[in-house]
Amino acid sequence: MSAVQHISPARRFKDRLAGGLVYLAFAIAVVPLVAVLWMVIQHGVARLDLEFLTHSMRNIGARDAGGGAYHAILGTLEQVALSSLISVPVGLLTAIYLVEYGRGGQLSRAISFFVDVMTGIPSVVSGLFILAFWILALGMPFSGFAGALALSILMMPTVVRSAEEMLRLVPNDLREAAYALGVPKWRTIVKVVLPTAFTGIATGIMLAVARVAGETAPLLLTVFFTDSINEDPFNGPQMGLPLYVFDQAARPTDVAVDRAWAGALTLILIVMLLNLAARFIGWWRSPARNR
Amino acid sequence: MAKQITVSGLDAYYGSHKAIEDVSMTIEPASITAFIGPSGCGKSTFLRTLNRMHEVIPGARVQGKVMLDGQDLYAGDIEPVSVRRMIGMVFQRPNPFPTMSIYENVAAGLRLNGRQAKSKTDDVVERSLRGANLWNEVKDRLNKPGAGLSGGQQQRLCIARAIAVQPDVLLMDEPCSALDPISTLAIEDLMVELKSEFTIVIVTHNMQQAARVSDRTAFFNLAGQGQPGKVIEMDETSRIFTNPSEKATEDYITGRFG
Ligand SMILES: Nc1ncnc2c1ncn2[C@@H]1O[C@H](COP(=O)(O)OP(=O)(O)O)[C@@H](O)[C@H]1O
Ligand SMILES: [Mg+2]
């Protein structure tokens with residue numbers, strides 16, 4: 001029998017070293033994030049005022065100050081809402097099929113493969129596809145809805161993958177416990193599996209939303225752009241915040257560049273608010289709240 | 001209402017692997033039947049064939065007959081979901097629904113099946129929790145999550161959940177193997193109380209437990225690795241433990257193997 005050993009100095013040193021390296025890696029990873037936030041906030045607050053949030057760019061001359069991004073905020077919200085409306089149900093149902101019904105069969109392997117392919121589609125290609133198919137071939141007008149279609153091509157695979165992962169995390173025990181009570185499979189999925197995975201699925205959807213909210217290229221090809229307010233997402237060119245930033249940043253005046261920064265800040269704020277909302281819903285629904 | 005189960009010539013497969021072969025037995029109503037035997041001999045598999053839970057595993061299938069008071073559970077036009085409503089199950093690991101409160105867990109069987117009148121549900125929840133000897137411990141925190149209970153309490157919660165839908169038969173797969181001795185005794189007492197109302201089948205690795213609670217015992221064994229499990233012997237529990245007719249049974253219960 002050997003005696004209980006002390007931690008050797010060498011081990012203690014290695015532990016410290018590894019710990020230090022992890023902290024260093026973390027700091028390095030955080031630098032770009034903080035830098036981006038810092039820059040955007042610093043430059044963006046100047047024009048982030050009530051006028052900015054409530055006015056469009058209509059009748060604002062090339063060198064004029066003032067004006068705002070109301071039309072772009074409205075456009076982004078409508079486009080992202082529409083694309084979520086399309087891709088969340090389809091993506092969620094696909095994930096449910098893959099996890100609960102597909103059982104690794106031919107069809108589910110094919111779907112998995114195509115979802116992977118979709119994940120790799122460059123965003124400009126999804127815009128080109130909608131431009132060629134929806135606008136040129138079918139003769140539909142430029143519209144927020146066309147943009148939403150392009151965005152949902154990007155959003156759908158993300159929703160499928162994240163929801164699939166979360167559904168797979170739900171222990172089989174719970175499904176069997178429900179079956180053993182004489183609960184049909186579809187009800188088990190709706191009442192037991194989905195609520196258990198809810199928080200994770202909501203987070204995944206938020207990440208997908210955040211991703212498409214910042215897309216510029218597909219919007220350029222599908223919603224075109226405008227300086228006026230267009231409330232109808234189904235008809236006529238709209239604006240979106242990424243487009244707005246792109247457009248303003250390219251103009252040669254300081255006032256336009258200030259508006260671009262404010263637009264970027266608004267976009268970040270919107271995504272952050274949505275994220276907070278999702279977290280709040282997750283917390284609200286979690287059993288931990290009642291403990 | 002407790003019912004009788006009669007099994008004849010039952011084989012169960014996982015894909016091409018035959019896990020149990022030619023099992024025939026009668027499980028008497030309003031009594032406790034224990035299954036014992038070494039690990040991997042197919043006790044859980046057999047138990048799950050009794051309420052058609054076996055077939056939820058991909059590739060799993062069953063051949064043979066299971067009769068519940070004369071009705072063939074594997075007849076072509078039988079709805080598996082309705083079988084599971086009549087034959088409830090308690091699992092080895094307590095598995096309360098994590099998103100539900102204690103109350104909701106017990107009411108789950110009723111609510112998930114769409115039947116609900118608040119006052120009636122209240123009654124069923126109280127009666128089931130009393131039935132599972134858990135009422136006094138949880139009556140003040142019915143709205144707290146079920147996952148916040150101790151392991152033994154969680155298992156009794158699962159029993160309450162199973163009896164809330166008023167099945168005829170209660171299947172229990174090693175219900176005490178994850179529990180401490182005090183909780184184990186509580187659940188054993190509970191089983192003895194419940195057997196007047198339900199037909200109870202319990203798988204256990206604990207010989208004393210089988211001897212303490214069960215009326216009849218079946219001994220399962222398998223000839224070798226990869227072979228299907230079979231019922232070696234089934235008899236009154238007192239006989240199995242004092243004077244078994246098979247050598248293998250005696251070897252197993254005296255601890256010579258398994
Ligand atoms: N889900 C499963 N898939 C494939 N084989 C399984 C599965 N569950 C059990 N088996 C096999 O079936 C046989 C019986 O297992 P089981 O019924 O769990 O035995 P016991 O409960 O008596 O320990 C074992 O050989 C086991 O490997
Ligand atoms: Mg087992």
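A polar contact is a pair of N or O atoms within 3.5 Å; within protein, one must be able to donate a hydrogen and the other to accept it, and residues adjacent in sequence count only if both atoms are side-chain atoms. The model is predicted, so local features need pLDDT of at least 70 and side-chain atom pairs pLDDT 80 or more, while totals for chains, interfaces and linings use all residues. Residues are numbered from 1 along each chain as its sequence is written, chains are lettered from A and ligands numbered from 1 in the order in which they are written, and side-chain values use heavy atoms, without hydrogens and water.

| Residue | Atom of residue | Atom of ligand 1 | Distance |
|---|---|---|---|
| Y14(B) | polar side-chain atom | nitrogen | 3.3 Å |
| G42(B) | polar backbone atom | oxygen | 3.1 Å |
| K43(B) | polar side-chain atom | oxygen | 2.8 Å |

Taken alone, ligand 1 exposes 560 Å², and the protein buries 62% of that (Shrake-Rupley method, 1.4 Å probe).

Chain B also meets chain A: 32 residues of chain B are in contact with 20 of chain A (heavy atoms within 4.5 Å). The area buried between them is about 2,200 Å², with 64% from carbon and sulfur atoms (accessible area, 1.4 Å probe, lost on being put together and summed over both parts). F97(B), T99(B) and L112(B) supply 25% of the area that chain B buries against chain A, more than any other three residues.

Two salt bridges cross this interface (a side-chain nitrogen of Lys or Arg within 4 Å of a carboxyl oxygen of Asp or Glu). E176(A) and R48(B) form a salt bridge at 2.8 Å, N to O.

Methods: Buried area is the accessible area (1.4 Å probe) that two parts lose on being put together, summed over both.
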